[in-house]
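Subject: A structure to look at

Hello,

Here is the structure I promised to pass on to you. Please have a look at it first, and then read my notes below.

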Amino acid sequence: METVGLEKHELPPTNQKRMVAFINHFVLSTVNFLNKFASDCESKFIRYEHKIQSLEASISIVEAKLSSIDALRKEADVSAMNQIPTEGNTPTDIEERTAEDVSLPEQPADELEVTKRDPTYDKYFKMIQVGVPIPAVKSKIGSEGLDPSYIDAFL
């Protein structure tokens with residue numbers, strides 16, 4: 001279909017107010033879309049960051065538990081292998097010494113301050129007592145929405 005006799009330079013110009021309204025509408029709708037998209041992406045990143053922090057804390061806790069078990073086994077094996085059964089080193093004596101070497105450390109003297117501590121943080125102090133690294137505990141505290149710097153006052 002060919003338009004005969006219609007010259008574009010002869011057409012009347014588009015109304016400027018109408019053109020500005022179209023452009024403004026396009027810009028506003030595009031900006032609103034981009035703002036919503038950026039907000040959604042940011043909230044998803046924050047959720048994933050919290051999940052990753054929680055996983056890192058859990059992995060650190062598991063690693064600390066595993067390393068403490070291996071350390072106890074190695075100490076018990078080495079001490080049992082180094083003992084030669086002679087007079088005074090009967091198998092029962094060796095077992096008693098190994099049990100003494102492997103026993104858990106005594107609770108620190110600052111346990112008197114437990115009454116001053118927030119009970120919410122008790123499980124984290126227990127984690128520190130059993131040998132979980134402090135950065136891992138702080139990460140776990142932060143991932144659960146609590147203040148990680150709280151435990152610094154008691155260390």
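A word on terms before the notes: helices (H or I, at least four residues) and strands (E, at least two) are DSSP runs, numbered from the N terminus. This is a predicted model, in which local features need pLDDT of at least 70, side-chain atom pairs count only at pLDDT 80 or more, and totals for chains, interfaces and linings use all residues. Residues are numbered from 1 along each chain as its sequence is written, and side-chain values use heavy atoms, with hydrogens and water left out.

First, the overall picture. The protein chain has four helices and zero strands, so read from the N terminus its elements run α-α-α-α. Of its 155 residues, 14% count as buried (buried means under 20% relative accessible area, exposed over 50%, partly exposed in between, with a 1.4 Å probe and protein chains only). The chain exposes about 12700 Å², and carbon and sulfur atoms supply 61% of that area (Shrake-Rupley method with a 1.4 Å probe; for residues, only the protein chains shown count as cover). Among contacts with a separation of 6 or more, 46% come from residues 24 or more positions apart; contact means heavy atoms within 4.5 Å.

How far can you trust it? The predictor's confidence in each residue is the pLDDT, from 0 to 100. Its mean over the protein chain is 77, and 68% of the residues reach 70 or more. Confidence is lowest in helix H2 (residues 91–102), at a mean of 48, and highest in H4, at 88. Over residues 97–115 the pLDDT is below 50, and this stretch has 17 contacts in the model beyond near neighbours in sequence. Where pLDDT is low, the predicted coordinates should not be read in detail.

Now to helix H4, where you will find lysine 140. Lysine 140 is buried, because its relative accessible area is 17%. Not counting residues up to four places away in sequence, lysine 140 touches Ala57, Ser58, Ile61, Tyr124 and Met127. One of these, serine 58, belongs to helix H1 (residues 16–82) and counts as partly exposed at 28% relative accessibility. Serine 58 also lies 8.0 Å from alanine 136, C-alpha to C-alpha, although 78 residues separate the two in sequence.

Serine 143 is in H4 as well (residues 134–143). Its side chain reaches the backbone oxygen of lysine 140 at 2.8 Å, a polar contact (a pair of N or O atoms within 3.5 Å; within protein, one must be able to donate a hydrogen and the other to accept it, and residues adjacent in sequence count only if both atoms are side-chain atoms). Serine 143 is buried, at 18% relative accessible area, and leaving aside neighbours within four places in sequence, its contacts are His50, Gln53 and Ser54.

Finally, the aromatic rings. Rings of Phe, Tyr and Trp (its six-membered ring) pair if their centres lie within 6.5 Å; planes under 30 degrees apart count as stacked, over 60 as edge-to-face and the rest as tilted. By this rule there are five aromatic pairs. In one of them, tyrosine 150 and phenylalanine 154 are tilted, at 5.3 Å centre to centre and 50 degrees between the planes. Tyrosine 150 is partly exposed at 22%, whereas phenylalanine 154 is buried at 15%. Ring pairs link Tyr121, Tyr124, Phe125, Tyr150 and Phe154 into a cluster.

Best wishes
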